[in-house]
Each structure stands twice: as C-alpha cells, then as structure tokens.
Amino acid sequence: MTAQAANIATDIGGECDRTVSDDPVARPQVALLPGAQRRAESGHLWVYSNEIAMDAAAKMLPPGTLVTLRRADERPFGVALFNPHALIAARLLDRDASRAITTRFFSRRIERALRIRERLYSAPYYRLVHAETDGLPGLVIDRFGAVLVVQTNAAGMERLLPLVIEALRALLSPEAIVLRNDSPARSLEGLPLYSRMAHGAIDGPVTLDENGVHFLADVVGGQKTGWFYDQRDNRGFIARLAEEARVLDLYCYGGGFAVTAAARGAESVLGVDRSEAALALAEASARLNGVGDRCTFRRGEVFAEAAALSGAAERFDIVVADPPPFARSKRDVPAALRGYRKLARLAAQLTAPGGFLCIATCSHNIGAAEFADSVQRGLTDAGRGGRILRSSGAAPDHPVHPALPETFYLKALTLALD
C-alpha cells in the first residue's frame, strides 16, 4: 500500500482494513467442491457457501479476505473476495489467480468504466461503476461532477476501500468523495452502517444535469447515493409526451420525472412522496429550472393519496409510478406482485382516456414477465385497456451482466391507455 493509501485508510476510519496488501503467492486458498466451478465457468461471478469446501481454515478467515479460489483438482480458478459468513461466500475479481489486487488493478477497472461513460454522456453526471457489471463486485460509484459518491456492499470491497479512494483521486482529482455505506444490504455481509466523507468537503446539496435539466441531490443524507441515475432514459421518454399535459408523479423523490416533464412543457405537475427532505429538493429543483409555478409537491403515503385523488375524480394525462422495491427477498415476491397490481389499478384509474401510464419496479427478485402480468391484472381491475409503448430497463450507465440476471433489476412499462 502506498503512503497516500495509508493516509486515506486513516481518514476513512476503522471500517476498512488499514494494512491493505495482496501477495498472490501468500494469499489464502479456498477450494471449490467437485463440480462447483461449472456455473462460475459459464460466467457467473458469485460462488455460494454450499459450493465451497468450508473447512476449518476457510471458516476462520476474516470476512473480506482476498483468496485464491481453486478447483477440487487443485487448479487455480481465480482471485476472489471471501466471506465465510455470507450466502455469497466468494465474489470473483479476476480469473487470473496470479493477479495482484492493487491500486493499479482498481485504476484500470475504473478507467475502463470511465471510458464507456464518457462515450455515453457529454457531462460528468452518471453511475461511474456498477459493481459486478464493471468488474468490481460490491462497489458502486456515482459521479456528480467533481463529487463522487462511493458505496461498498461487500466485506472484501470494504477492506479494499483505501485502494479504491486512491485510484479515484489519481484518476479524477475529485473535490470530494462521500462514503454512503448505510445500505441495509451491508447487513448481509456483517458490515456496519455509516455515512462520512473520505476526501474533501461539501456544504450542502450538489447539482447535476440530466436530460438538459438541472437538479439538486443530497448525496450525504438522501436515499441510496442521493440520486437515481438509472431512470434517466425513462424520464427522457416521458418528457417527450409531456407538452401541455397534466402529470402525476407518484413516489417522486427528488422530482426526476416531475421536473423534467415540467421543463419540457407540461401544463401542471403534481409530485407525491412521503419524504419531506426529498420534496424540498424537488421544489428547489423546480425553481432552479424556472418551472416552480407549474409544479406542486405533496407529502403523503402514495396508495392513500392515489385513492383520494381517484375518489375526487382527478385525472391526469400522464401518471408515473416509480416505487421503492416491494420485494427485497424472494419470500416477499407474492406480496410484492399484489402490491404492483394494486398500484397499477390506482394509477390506471387516475390516467385520463388516451393518456399514458409509466410504472416501474426496481426489485431484482421480480421477473419482467411477472411484473407485466401484475400490471395487466391491475389494468383489468381498473376496467382499462391499452397497449405497451415501451418496455425498458435502466440507463446504459447501469449495464447488465449477461451471466448475472440479478443485475437486470429495473423494469419499466410505458402504456397508452384507452
């Protein structure tokens, strides 16, 4: 570890290992059970605990240890992040077991991701690293111009944070780096929850540009990393339909759909969310874009507010329903599908004849076909017919790994209703 990385580790605090180093020769070895490499050999990056010879030595390794995975016949399989206490016991970093995991390793992976984003977007506002799909399992980095927001959801990536931060500082010279390690997913890895600065300082919400519209995001205390770049293209598509329209944005958060629609000529926009802080940012973003007089934001529970609006015979030309995940685990799926069906019914009841409905799920446990079926059932419950104009996922800065269906998490349907 370089002197800079050592200083960074000290700045970050006790949540990550302060003696980051990797020697492939001295690295602990963990064996796969006979035949257990087949799924990983097909491209999958996760190895589950029941696929590993979990002997006493493996069980004693600290969560997040860098290990050399080897097949049952002793041949090396790759280098991985290992956590003997997690269901996903090993996350593959590289199939070359002799690869040293250093700052240079992270620099090359992040630079590769950066080159793709710079081809996609002209301004530095995007998801820079999308975990496994960018070859860095458990690591998410969102870019807000000169401010970077980093989230680690794997014990191994947490221990390697000093190298990540060092690579980012050398590559992008950011003014500030925020660690948003307060995701509930970290509990699956036995990691503490915290949010703090790793480098620099910020004194309030940061600005970002999306589809030519300016927004304010709270990268320190807002949801996730402060913004949901994954809906960028879906917001742009809805905005194309918004001229002179009355728009309802359910679960509006920071006003992504709402303010974009207003900026593209919507007659009026109503956004509903239960977070006062998010609504305050949405209102500020509306004023920032000169559309505050056409945007109204209301605090409330979406199902109750939607039912009340329907009971008052309110109708909108465009209705957007972009809820948080209803299914955080597979056991939640049946209840979640019922929830999406109900949401689709309420949203359809609020959509004027000839209007448009955009409804989404960000639950990776919900399949695209299951989601479409629940939406159809909701339309039937509302007595509405229509057609799907667009079936979409996340923006391309949230790529999907072809061997990891779990990375295809966002599904959105835009429908024209009769």
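**Notebook: helices, sheet and cores**

I started with helix α8 and noted that Gly256, Phe257, Ala258, Val259, Thr260, Ala261 and Ala262 in it are buried. By buried I mean under 20% relative accessible area, with exposed over 50% and partly exposed in between (1.4 Å probe, protein chains only). Helices (H or I, at least four residues) and strands (E, at least two) are DSSP runs, numbered from the N terminus. The model is predicted, so I kept to its limits: local features need pLDDT of at least 70, side-chain atom pairs count only at pLDDT 80 or more, and totals for chains, interfaces and linings use all residues. Residues are numbered from 1 along each chain as its sequence is written, and side-chain values use heavy atoms, with hydrogens and water left out.

Seven of the eight residues of α8 are buried, so the helix is largely enclosed by the rest of the structure. Just after α8, I found Gly265 with a positive phi of about 105°.

Next I looked up how α7 lies against α8. Two packed helices are described by the angle between their axes and the distance between the axes. For α7 (residues 232-240) and α8 (residues 256-263) I noted an angle of about 35° and axes 9 Å apart. Axes here are lines fitted to C-alpha atoms, for helices over the stretch in contact, and angles run from 0 to 180 degrees between N-to-C directions. The crossing of α7 past α8 is right-handed, that is, the near helix is turned clockwise from the far one by less than a right angle.

Which residues in α7 meet α8? Asn234, Arg235, Ile238 and Ala239 do, and on the α8 side they meet Gly256, Phe257 and Thr260. Contact means heavy atoms within 4.5 Å.

**Entry: Ser285**

I found Ser285 in helix α9 (residues 276-288). Ser285 counts as buried because its relative accessibility is 0%. Beyond four places in sequence, Ser285 touches His214, Phe215, Leu216, Gly254 and Val259.

**Entry: the five-stranded sheet**

I then traced an open sheet of five strands in the order β1-β3-β4-β5-β2, with mixed pairing. Two strands pair if DSSP finds at least two bridges between them. At the edges I found β1 (29-31) and β2 (46-48), each pairing on one side only. Neighbouring strands of this sheet are turned by 40° against each other on average, direction ignored.

β1 and β3 pair in the parallel sense over three bridges, and Val30 stands opposite Leu69 in β3. β3 and β4 run antiparallel and are joined by six bridges, with Arg70 partnered by Pro76 in β4. β4 (residues 76-82) and β5 (residues 88-94) are also antiparallel, with four bridges between them. Phe82 has Ala90 in β5 as its bridge partner.

Is β3 enclosed or open? Six of its six residues are buried, so β3 is largely enclosed by the rest of the structure. I checked both faces: Thr65, Val67 and Leu69 on one side and Leu66, Thr68 and Arg70 on the other are all buried.

**Entry: two positive phi values**

Most residues other than glycine have a negative phi. I noted Glu74, with phi near 85°, in the loop between β3 (65-70) and β4. These two strands form a hairpin with five residues between them. Glu74 is exposed, with a relative accessible area of 52%.

Lys224 has a positive phi of about 55° and is not a glycine. I placed Lys224 in the loop between β12 (213-217) and α7. Lys224 counts as partly exposed because its relative accessibility is 45%.

**Entry: nonpolar cores**

A nonpolar core is a set of buried Ala, Val, Leu, Ile, Met, Phe, Trp, Tyr and Cys residues joined through side-chain atoms within 4.5 Å. The largest one has 36 residues, and Phe144, Leu208 and Phe297 touch the most other members. Its largest share, five residues, comes from α8. A second, separate core has 35 residues, including Leu93, Ala113, Tyr121 and Leu172.
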